[in-house]
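Hello,

I am passing this structure on to you, and I hope you enjoy looking through it. Please open it first, and then read the notes below alongside it.

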Amino acid sequence: MSSTLVTAHKRSSPTLLPGWSFVGCMADPSATRLLPVRILSPSTLTQQTCVALCNAANYVYAGVEYSVECWCGNSLNQAQTLGDSSCNMACGGDSTEICGAGNVLGLFHTTTTTTATATTSYLGCYADSSTRVLSSASFNGIQGMTNTMCANLCAGAGYTLSGTEAGDECYCGSSQSALGAKQLDSTCSTPCAGGTGNCGGNWLISVTTMTSTLTNSTTSTTSSCVAKCTGDPSQICGGTNWEISIYVLSSGAGSTTTTSSGSLPTTTAKNIIVQMFQWTYASVAAECGYFLGSAGVGPAQENWNGNGPWWDSYQPMSYSITGKLGNRDAFATMVATCHSNGVGVIVDTVMNHQTAQTSGTGYNGDAFTKYNYPGTYSTADFHHSQCGTSDGQIHNYDNATEVQFCELDSLADLATETEHVRSTLAAYINDLISLGVDGLRLDAAKHMPPGDIANILSRATKPLYITQEVVWGSGEPIQPSQYVGNGQVMEFRFTSAIQSAFSSGNIAQLATVNSNGWLPSSSANAFVANHDTERSGTSLNYLSPNNQYTLAHVLALSIPYGTPSILSSYAFSSYDQGAPNSGKYLHRWTAIAGMIGFYNRVSGSAVNNWVSDAAAHIAYGRGSAGFVAINTASSSWTTTFSSSLPSGVYCDVVNGAVVSGSSSCSGPSITVNAGGEFTATVSADYALAIHIGAKIA
């Protein structure tokens, strides 16, 4: 869940590619990155992996940072050398190696790159998703992409599979079993940016398998460093635009012990999202160091200063990162702190609209009037006559034009089909990327055509995890399935089904939760409640009776459907009431924290051994990795359960945890016999859960 930072004074010496050497630890401010290109790399990052990735793309500088980030480039931006001890975070893939620190880059350099020439065999066209079938590394934004170029890049980085997508994207991996459903070759029909052949399509990937041989080619690295040294004109001493010449010295650096969970979407496990609703950036930073895994934070935009209600955060007036949750510096510090603790950051963004107020001021003190936001938008950037209703408001959700071109609750509706709006929103996204964000939640996505969203996201400078708010409506022309090409979609039908089952006490009906015709699991963002539904009565919330809210999360974190989100909010007595009030830190609750561990441990294991002897009783296993029982009856449930778990003694993680440094439980324990059976009592309105990670004997 977090990284332990321990500074020492010796570095392991991994074998790098020929010609590459460690330069030193360099300052790397979020606003002015030392190296311009971030290559998506695995959470098992090592120094060798990053060097291989940059080398394969013919970059002569490589840098490791935050344990799991790899940066590349051919020149340095305003380099500032720090002491080697400033690099004090272990690499995600090898705790004996150092991979930079927060805003500190471990820099490597070469004058000779090795270019891979791959022997290839085309495997076919496959369906892709936001979690990526080839997720080990990616090379995006490289001009002239072809299938051959992608294969050579991936082979040079040590992978055996390459895949091209959307004409200019390149992904790498080595597992054919992850490829999934094969499509007709003709469906991968997007021409390669490099002009040779087709390179995948919209969420379709053209996959190649390859072997490779390496040849050496020399690349100059001193084009920016051209100033002659004062003391010896025969030597070069940097340049005139903040360039410096860096000489490799034999020096030590720190070593640490650390763990890293990676960040969405590059890992299939440990991808639970905690929605930190109305938490300030400083508070999120503190929580990252204390408890969190993957954090979803509130809108990072200058919003209307409404003096209190929570929803003023969702009425932006500019894209300056200043609002009631904090300013740009606090935001940057939060991202850096979260990354240094292995926590990804997903930002809630509002791209459909601006404010509903006719006039006002933002948290920066900037004045605005509706449809006129100085320096950002003017009247021409909004929908007006295109809407078709007399008052310009949405009245009929059976009319797609009305839903996507009229105003939602009088909020000024942006014309996202226009170039100025698209480029402005793309610049905002890339500003967030420059600060290190890992993903976006798109508020009110239903009110934007999916093609407009696709166009805006295509301009992002790196791949991001995306989840979109598209509320399902029976028979409506706008459906969640229309948005899956852009990323995951919030599955409100899951939320409604959970509310219905636990409110009625008939949780047995949830046996079909994976076969109800909803979004595929890989496309769904599943949640028990969010900030809207907990107030509107369209979901359970912390006030739900009979422990329903906790039990619903036990189910949501144990059923293999979608990417789960957990709302960490605050107590409220009215709809509009804003923070702060007494916190309801759901992610810290014993049962929820225990089930987060359960989810991570059983990820990838199928449901088995399902039993329901009454409407209020369900129990099921997750392969040989875990078992859950839930009881919504008003009386206890005692029975003998059959599981596929190995024999042993387990801690019940709903009611306690393994005591650190011991073989004991802080709560009850359960003994499983050699046949996988155990007898237990599930208390009224409660649950139990055991998994192999909580096995103590």
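First, how to read the notes. This is a predicted model, in which local features need pLDDT of at least 70 and side-chain atom pairs count only at pLDDT 80 or more, while totals for chains, interfaces and linings use all residues. Residues are numbered from 1 along each chain as its sequence is written, and side-chain values use heavy atoms, with hydrogens and water left out.

**The whole protein**

The protein has 11 helices and 35 strands. Both are DSSP runs numbered from the N terminus: helices are H or I with at least four residues, strands E with at least two. Of the 697 residues in the protein, 56% are buried; buried means under 20% relative accessible area, exposed over 50%, and partly exposed in between, with a 1.4 Å probe and protein chains only. Among contacts with a separation of 6 or more, 70% are between residues 24 or more positions apart; a contact means heavy atoms within 4.5 Å.

Leaving aside residues up to four places away in sequence, Q548 touches F502, S503 and L540.

Helix α10 (residues 548-556) lies across β29, β30 and β35, and runs at about 150° to β30. For such angles, axes are lines fitted to C-alpha atoms, for helices over the stretch in contact, and angles run from 0 to 180 degrees between N-to-C directions.

Those strands belong to an open, antiparallel sheet of four, in the order β28-β29-β30-β35. Its edge strands, β28 (607-614) and β35 (686-691), each pair on one side only, and the twist averages 10° from one strand to the next. Two strands pair if DSSP finds at least two bridges between them. Strands β29 (residues 617-622) and β30 (residues 626-631) have six bridges in the antiparallel sense, and I618 has I630 in β30 as its bridge partner.

**A sheet of six strands**

Another open sheet, also antiparallel, has the order β2-β4-β3-β8-β1-β5. At its edges stand β2 (37-39) and β5 (81-82), each with a single partner strand, so one side of each has no neighbour in the sheet. Strand β1 (residues 21-27) is joined to β5 by two bridges, and M26 stands opposite T81 in β5. Helix α1 (residues 47-56) packs on this sheet, touching β2, β3 (61-65), β4 (69-73) and β8 (104-109), and its direction makes about 145° with that of β3.

**Disulfides**

How many disulfides does a search of the whole structure find? It finds 10, where a disulfide is a pair of cysteine sulfur atoms within 2.5 Å. Here are three of them:

- C91 and C99 are joined with S to S at 1.9 Å. The torsion about their S-S bond is about 90°, so this disulfide is right-handed. Both cysteines are buried.
- C154 and C172 have sulfur atoms 2.0 Å apart. Their torsion is about -75°, so the link is left-handed. C154 lies in helix α2 (residues 147-156) and C172 in strand β12 (residues 169-173), so the pair ties together parts 18 residues apart in sequence. C154 and C172 are both buried.
- C192 and C199 have sulfur atoms 1.9 Å apart, and with 95° about the S-S bond the link is right-handed. Both are buried.

**One more residue**

Finally, have a look at T208 in strand β14 (residues 204-218). T208 counts as buried at 7% relative accessibility. T208 and L161 are 47 residues apart in sequence, yet 5.7 Å apart in space, C-alpha to C-alpha.

Best wishes
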